[in-house]
Every structure is written in C-alpha cells, then in structure tokens.
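Reader: I've got a structure here and a few things I'd like to ask about it. Can we go through the ligand and then a sheet?

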Amino acid sequence: MTTVSTPALVAAACAAGLVGAFPTSNCRSTTELADWLDEIEATVAANLIVHRSNTRLDEDLDTLVRRGVRLVITSVGTPVPVIGPLHRAGVRVFADVASLKHAEKAAAAGADGLVLLAAGAGGHTGWANPFAFARAVRRFHDGPLVLAGGISDGTALWSAITLGYDLGYMGTRFIATAESGATDAWRRAVVDATLDDITLGTAPNGVTVSLLPGAAGSAGHTAAGVHAITTAAEVIDTTRREWNDARARTRRLLAATA
Ligand SMILES: Cc1cc2nc3c(=O)[nH]c(=O)nc-3n(C[C@H](O)[C@H](O)[C@H](O)COP(=O)(O)O)c2cc1C
C-alpha cells in the first residue's frame, strides 16, 4: 500500500506466514528498493505500478528480478508489457483487475493469477460485487484468484475461500498497526470510521479510490472492522483465530445437514 507498507510491516507479515507485499514506488529510488529487499530478508511479493506515470518501471523490474523476487503484482494499468520479461526470469505475475474486461485481457496475456478489486476495497477500488465477480471470472480462469476488498477478519477470509478465491488481500486492516507508515491521524481515522463514512474519490492518475472523511487518507469498507491500533502480529493472530472458528462453524453446519 502506498505510504503504508514499510519494510517493518512487510517483514512482520512474512514472519507470520503471510505473503507480505509492497509497491516499489514506496521506495524513493531503485537503490532503496534493493535495500528494502535486503532488509526484509523474506520471500515477498512486490507490486509494480504499470501506469505510464511510473518512470522507474524498467529499473525496478530489473532490480526485482536480480534480487530473486518470485511474485510480482501489477496494478493501475495493463500487465501485458511486463509479463514476458518476468516469465522469462521465472517470476510469477498476478494482475490487479477492476472489471471483467480487464480480467479477460490479463488472463489472455498469460497472467498467472488475477486479483479482483471488488467494491469497497481500500486504495484503488473496483465496483463489482465480489460474489458475482468471482463466479464470472471462474468461467475462464482456473488459476490463482485473489479477492481484494471486504476482508477485515478471518471469517470474511474463510468465506472468500469457500466462494472460489484462493487467497485474500488485507490492506486497510494493516493501516492502524504500529509498523505501518500511516500518520497517527490516519490510523485514528481508520479506527473511528464506520462503513458509511467511506466515500469514493478520484486519484490524480484518474483511478477511483476509497476515502476516509476529512482527507485523512484512503481506507476501504473494512475500516468498519478495525477497532484499535495494534501490532501486525496481533492482527494476524486474531485473524487466524477467527479463521479457525469460521472453519469449525462450517464443519458443524455440514455435520448437522449430512
Ligand atoms: C492506503 C492504501 C494504499 C494502497 N496502495 C496501493 C498501491 O500502491 N498499489 C496497489 O496495487 N494497491 C494498493 N492498495 C490496494 C490494496 O493492494 C488492496 O487492493 C486493498 O487494500 C484491499 O482492500 P482492503 O483495504 O479493504 O483490505 C492500497 C490500499 C490502501 C488502503
């Protein structure tokens, strides 16, 4: 996440068994990107913003390949120009998509995985319903499918898996953590926000974004599930417990209806 994803946050996520990711644009230079990758010392996914405004695209791509990053997530543009070079280097590519048309194009271009930006996601949001979006994309894509938007806890994550997603993004949930790069006012605004407080705006690059009230920054509908500023490890522990509870509930339901 722009500004929010620091090396400390990504490392904490990786240490807890998640795939930590950060946009290369959070680094001030390609040299700093190399430093971050060394500092994190774990298997990370990097997010390459493929919009034409990213003047460092080729240099950052080269650094990611040289430092052995295994998964690149493309966003804000077409993944087509980078899929070939990344595949030739043995790097998997997941593409952020906000519409069925973009999902079809990314799949046809050879993206290994698709990240569906659903309604209410933090940052660059989609508008599609995550249920309908998954079912529509599953008609032509049987590879990894990731839900972005709406996952604030382990119950929602478990639901996403039962719906046909393989993975879930949790972005907003990590803004109000000790390790995030968000300002205190931004963290506080996430804790204070209810779902109804999140509105839509347009970023300078033209994409639709989810916003907190009072220009506090971006956050998705999942701000409704953030009630305190904690460490990333606490968020992950809680999510794991909720996930186990949700699975157990499904098992009980299955047993009761067998
Ligand atoms: C403050 C903020 C900044 C973000 N910046 C980026 C970014 O730079 N690149 C990107 O691909 N996605 C970015 N995202 C989107 C996330 O990758 C993810 O799709 C989103 O957070 C999922 O929805 P959630 O926030 O409800 O969990 C950002 C999200 C937030 C909240």
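Predicted model: local features only at pLDDT ≥ 70, side-chain atom pairs only at ≥ 80, totals over all residues.

Reader: How far is an oxygen atom of the ligand from an N or O atom in the side chain of Thr 172?
Author: Let's work through the polar contacts, where the cut-off is 3.5 Å between N or O atoms. A ligand oxygen sits 3.2 Å from a polar backbone atom of Gly 122, and one is 3.0 Å from a side-chain N or O atom of Ser 75. For the side chain of Thr 172, the distance is 2.6 Å.

Reader: How much of the ligand does the protein bury?
Author: Start with the ligand taken alone, which exposes 590 Å². Of that area, the protein buries 92%.

Reader: On to the sheet: which strands stand at the edges?
Author: Three strands make an open, antiparallel sheet, ordered β6-β10-β9. Two of them have a single partner strand each, so one side of each is left without a neighbour in the sheet. Those edge strands are β6 (123–124) and β9 (199–202).

Reader: What is the bridge partner of His 124 in β10?
Author: β6 pairs with β10 (residues 208–211) in the antiparallel sense, over two bridges. In β10, His 124 has as its bridge partner Val 209.

Terms used. Residues numbered from 1 in each chain as written. Heavy atoms only, no water. Polar contact = N/O pair within 3.5 Å; in protein donor to acceptor, adjacent residues only side chain to side chain. Areas by Shrake-Rupley, 256 points an atom, 1.4 Å probe, with all protein chains shown as cover. Pairing = 2+ DSSP bridges. Helix = DSSP H or I, 4+ residues; strand = E, 2+ residues; numbered from the N terminus.
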